[in-house]
Amino acid sequence: MKLAIKRILFLVVVVGIWQLVVAMNVFPPVVLPGPLKVLEALYDGFASGSLLVALGASFKHLLIGLSLALLFGTILGVILGKSRQADETAGMYLIALQSIPSIVWVPLSLMLFGFTEFAVIFVVVLGGTFVMALNVRSAIQNVPPQLVKAARTMGTSGAELFYRVEIPASIPYYMTGVRLAWAFSWRALMAGELLSNGPGLGYSLQFASDFAKMDQVIGIIIIIGTIGAIVDQLVFSKLEKNVLKRWGLLNT
Amino acid sequence: MFLELKQVGKRYKDQQNQFEVFSDIDLSIEENQFVSILGPSGCGKSTLLSMIAGLENVTEGTILLEGEEISKPGSDRGMVFQEPSLFPWLNVKNNVLYPIKKQLPKQEAEERVKHFLKMVHLSKFTNHYTYELSGGMQQRVAIARALSMDPKVLLMDEPFGALDEQTRDLMQDELTKIWQKTNKTILFVTHSIHEAIKLSDRVIVMGIRPGRVIADIHVDLPRPRKRSNPDVVKLESQVMDLLKVEIDKVLKEEIDYEASN
């Protein structure tokens with residue numbers, strides 16, 4: 001409870017400073033609208049349904065893109081984790097690919113697929129796949145050898161060893177991979193949509209910016225941040241923490 | 001003979017060097033006996049146990065269990081490691097069930113799990129997960145798990161080495177009871193002289209550089225063997241003298257190496 005109060009207080013202070021800066025007229029009101037103005041824009045956006053449509057479209061892109069990223073990432077990661085040969089050959093390039101910011105893929109994607117939703121999804125897939133693959137690779141490589149040894153003394157081997165021991169043993173790292181893939185995909189989604197022809201939250205942001213509607217711009221930024229925080233805190237962090245606790249990797 | 005080691009040796013090779021851990025180990029172990037392998041660290045006692053488990057390949061000689069050569073791990077040999085090595089994603093019951101889940105009909109398997117969890121006094125904890133258990137409890141689960149598959153021989157690799165002294169003492173008493181109840185053949189690796197003498201019918205003492213068997217002692221003392229029992233004390237000091245020679249040898253080598261550099 002005390003934590004909640006601290007956090008709300010902090011937010012109040014930040015909004016207060018924002019209001020103060022607006023009141024002192026540091027920037028013209030067209031460039032930096034006040035908190036109330038932004039709230040109004042948000043209300044209008046939701047009331048007219050335009051923001052809901054954008055949100056729906058964004059979540060659709062994310063869901064499809066992230067699912068594909070998790071799928072491809074898992075397959076790639078398992079191959080690299082299980083085969084030394086594959087890891088030595090391609091592992092380094094995976095790190096290179098992962099270090100490319102996803103916005104860099106946007107021009108290429110637009111050229112390849114035109115101004116379509118698929119182009120956006122493509123960027124989201126690229127954004128999530130590599131980080132997922134890297135984590136799945138670590139997950140497989142970090143299965144405690146002691147557990148594998150113990151399983152072998154109980155007559156487990158081959159494919160059975162993989163699905164009865166190696167897969168469950170790698171779930172903690174796997175969960176970290178899922179959480180990171182989500183975070184990367186979410187960023188990639190915004191980058192992709194910003195340059196797309198809509199619909200989507202990123203597109204709405206660009207659209208509002210083109211018409212100098214800064215209240216909408218700030219409102220959408222707030223939505224993007226809020227969704228990011230909520231999904232991370234309520235879904236992935238919780239999931240990861242539960243897994244880590246069960247696997248005995250968290251000191252409580 | 002039940003378990004036979006014939007001229008067993010272990011050698012590791014890398015590009016240039018060969019390293020011999022031990023060689024020419026000849027041992028015959030009778031059924032239902034509690035046998036300890038005792039030795040200073042580095043003598044290869046754990047390696048020898050791993051070879052019997054089938055986890056390490058046998059580079060020289062043969063190991064026979066009831067006349068059959070051992071080449072890979074199998075459920076006829078249960079193993080308990082120094083770390084409990086339980087599966088954290090399974091609860092206590094399912095950990096013990098793990099090795100027999102696919103081998104036995106469901107009801108029979110669950111009966112067996114119940115039986116062995118009762119034997120190690122963990123019936124109350126069937127639904128707990130490993131992170132909720134103490135080290136001693138985890139090790140008891142590991143023992144129940146190894147026993148559940150009804151192995152011909154139970155291999156134990158310093159199973160109580162990571163426990164505090166009081167817990168270790170209790171665990172030793174428990175293990176003696178379990179052994180008397182189940183009549184399993186137990187091969188127990190330890191570096192504690194007291195532990196070996198307290199538990200075993202027979203203590204095999206290994207030396208170092210080269211690794212080899214230096215003594216084979218039959219312990220014919222009535223159980224339970226108290227620490228203060230004069231016969232136990234006498235035997236312990238005998239073994240201590242044996243091992244001191246070996247440990248001094250390593251120490252001298254190290255000192256000589258320092259001196260020559």
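**Reading a two-chain predicted model**

Visitor: Where in chain A does UniProt place the feature "transmembrane region"?

Guide: The unreviewed UniProt entry places this feature at residues 61–80, 92–113, 119–140, 161–184 and 217–236 of chain A, and the coordinates discussed here belong to a predicted model.

Visitor: What do residues 61–80 and residues 119–140 of chain A look like in the model?

Guide: Residues 61–80 of chain A are 100% helix and 0% strand, with their end C-alpha atoms 28 Å apart, and residues 119–140 of chain A are likewise 100% helix and 0% strand, with an end-to-end C-alpha distance of 32 Å.

Visitor: How many helices and strands make up the secondary structure of chain A?

Guide: Chain A comes to eleven helices and zero strands, and its C-alpha atoms fill a box of roughly 75 × 50 × 30 Å along the principal axes. Of the 252 residues in chain A, 35% are buried. Among its contacts between residues at least 6 apart in sequence, 76% join residues at least 24 apart.

Visitor: Which helix of chain A gives the most to the side that touches chain B?

Guide: In this pairing, 14 residues of chain A are in contact with 20 residues of chain B. Helix 7 (145–153) and helix 11 (214–246) of chain A each supply at least two residues to that side, and helix 7 gives the most, with six residues. The residues on this side of chain A divide into six nonpolar, four polar and four charged.

Visitor: Why is B:Asn32 called exposed?

Guide: A residue counts as exposed if 12 or fewer other C-beta atoms lie within 10 Å of its own; B:Asn32 has 12 within that distance, and therefore it is exposed. B:Asn32 is found in the loop between strand 2 (18–29) and strand 3 (34–38) of chain B, and its phi is near 70 degrees, a positive value in a residue other than glycine.

Visitor: Why is B:Asp150 called partly exposed?

Guide: The partly exposed class lies between the exposed limit of 12 or fewer neighbours and the buried limit of 20 or more; B:Asp150 has 17 C-beta neighbours inside 10 Å, so it counts as partly exposed. B:Asp150 lies in the loop between helix 4 (135–148) and strand 7 (153–157) of chain B, and although it is not a glycine, its phi is positive, at about 50 degrees.

Visitor: What kind of peptide bond joins B:Arg223 and B:Pro224?

Guide: The bond between B:Arg223 and B:Pro224 is cis, with omega about -5 degrees, and B:Pro224 has its place in the loop between strand 10 (212–218) and helix 7 (230–260) of chain B.

How values were computed. Residues are numbered from 1 along each chain as its sequence is written. Chains are lettered from A and ligands numbered from 1 in the order in which they are written. This is a predicted model: local features need pLDDT of at least 70, side-chain atom pairs count only at pLDDT 80 or more; totals for chains, interfaces and linings use all residues. Helices (H or I, at least four residues) and strands (E, at least two) are DSSP runs, numbered from the N terminus. Two residues are in contact if their C-beta atoms, placed from the backbone, lie within 7 Å. UniProt positions are given in the numbering used here, feature names are shortened, and annotations may be inferred rather than shown by experiment. Ala, Val, Leu, Ile, Met, Phe, Trp, Tyr, Cys and Pro count as nonpolar, Asp, Glu, Lys and Arg as charged, and the others, Gly among them, as polar.
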